[in-house]
Amino acid sequence: MQKTLAVVNLNNLRYNASFVRNILGDKKFYAVVKADGYGHGGARVALAIENIVDGFCVAITDEGAALRLAGITKPVLVLSPPLGKDDVLRAKFYNLTLTVNSLDTAKLIGGCHCHIKVNTGMNRLGCNLKTLPRILNALKSAQIEGVYSHMYDPSDGVASERQLELFDRAEKLVKTVTSDTCAHLAASGGVLSGKKYLKDGARCGILLYGYPPEGFKADVKPVLKVFARRTQVTEFIGGGAGYAHARKNYKYLSVYRLGYADGFARTVPLGENNLCMDAFLRVEGGELLPVLENAEHYAKRCGTISYEVLCAATRRAEIIYEE
């Protein structure tokens, strides 16, 4: 097998989901499994925790369709608003719940079920409060299953309070039209920020996979490990170590089948020099070498966040699920 080996620990995943469930109690728990479950395999992740959560969130309708084809029956919310009628038809066929972020989207979705996205300060997606009444008039009350927003910096208490105030007003407007709707503001950071941000439920992504957002701590466990396979032990004859001059006069170098096409940064050494196309070199190591055991540690070396590392690290991997 030439692929890298990605090992997903389903026990750790369920432990993390139970950790979040204990915080939420009987509030709605939407597990975020977009981007193929942050690289862990969206369908398999969803199946492993379906009995713990109340529903799932995906980024696009194709991801929601994949969950349905895998046998997921609980609600699936598509976080990106539909961009055309094909998205709406796909959502209707697979019984997905759409996001409404504007008056145009409200008109586009026809009779599909939806959650209304409100902009409370992240300024990414969502309608402003002044537009919300017109959106509510364009929808039938039976369609509206939820209203939500997103905290842009949950570690900043002042910013979060302002967002909560705006969201409270949006929630009140929506529940005047239909009281049986789920209001959710908190994602992983909000879940750890206090009960007042939990509302009727919360969405949880990165925390499920074992990493609290920056500024928070939580008793969760990393779910993914990635290993590279050794392809050769090379007797050093002088010259280079990959695409660079050798730093030492080595005796032997172990060559591992992992490169930047596998989702690892070329500029962050895993061995004697930077990654070299589809391989890297080390002085020591066994037949199977762990190259990613903690995404947060590796992300800091790369100048990014664990989310990006996890989504990339299984790009060309054989995924093994451990019970």
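The model is predicted, so local features need pLDDT of at least 70 and side-chain atom pairs count only at pLDDT 80 or more, while totals for chains, interfaces and linings use all residues. Residues are numbered from 1 along each chain as its sequence is written, and side-chain values use heavy atoms, with hydrogens and water left out.

**Nonpolar cores**

- In soluble globular proteins, nonpolar side chains tend to be buried together.
- A nonpolar core here is a set of buried Ala, Val, Leu, Ile, Met, Phe, Trp, Tyr and Cys residues joined through side-chain atoms within 4.5 Å; buried means under 20% relative accessible area, exposed over 50%, and partly exposed in between (1.4 Å probe, protein chains only).
- The largest nonpolar core has 91 residues, and Phe-29, Ile-49, Phe-56, Ile-116 and Phe-264 touch the most other members.
- A second, separate core has 7 residues, including Tyr-250 and Leu-281.
- Leaving aside residues up to four places away in sequence, Phe-29 touches several residues, among them Ala-17, Ile-52, Cys-204 and Leu-208 (contact means heavy atoms within 4.5 Å).

**Aromatic rings**

- Rings of Phe, Tyr and Trp (its six-membered ring) pair if their centres lie within 6.5 Å; planes under 30 degrees apart count as stacked, over 60 as edge-to-face and the rest as tilted.
- The count comes to 6 aromatic pairs.
- Tyr-38 and Tyr-209 are stacked because their ring centres are 4.7 Å apart and their planes are at 25 degrees.
- Tyr-38 sits in helix α2 (residues 34–38) and Tyr-209 in the loop between β9 (201–204) and β10 (224–235), 171 residues apart; helices (H or I, at least four residues) and strands (E, at least two) are DSSP runs, numbered from the N terminus.
- Tyr-38 counts as buried at 4% relative accessibility, and Tyr-209 is buried at 0%.
- Ring pairs also link Tyr-38, Tyr-209 and Tyr-307 into a cluster.
- Tyr-256 and Phe-280 are stacked too, at 5.5 Å centre to centre with 20 degrees between the planes, and both are buried.

**Two crossing helices**

- The axes of helix α10 (residues 295–302) and helix α11 (residues 306–313) come within 8 Å and cross at roughly 105 degrees. Axes are lines fitted to C-alpha atoms, for helices over the stretch in contact, and angles run from 0 to 180 degrees between N-to-C directions.
- That makes α10 roughly perpendicular to α11 (under 35 degrees is roughly parallel, over 145 roughly antiparallel, 65 to 115 roughly perpendicular and the rest oblique).
- Ala-295, Glu-296, Tyr-298 and Ala-299 in α10 meet Ser-306, Val-309 and Leu-310 in α11.
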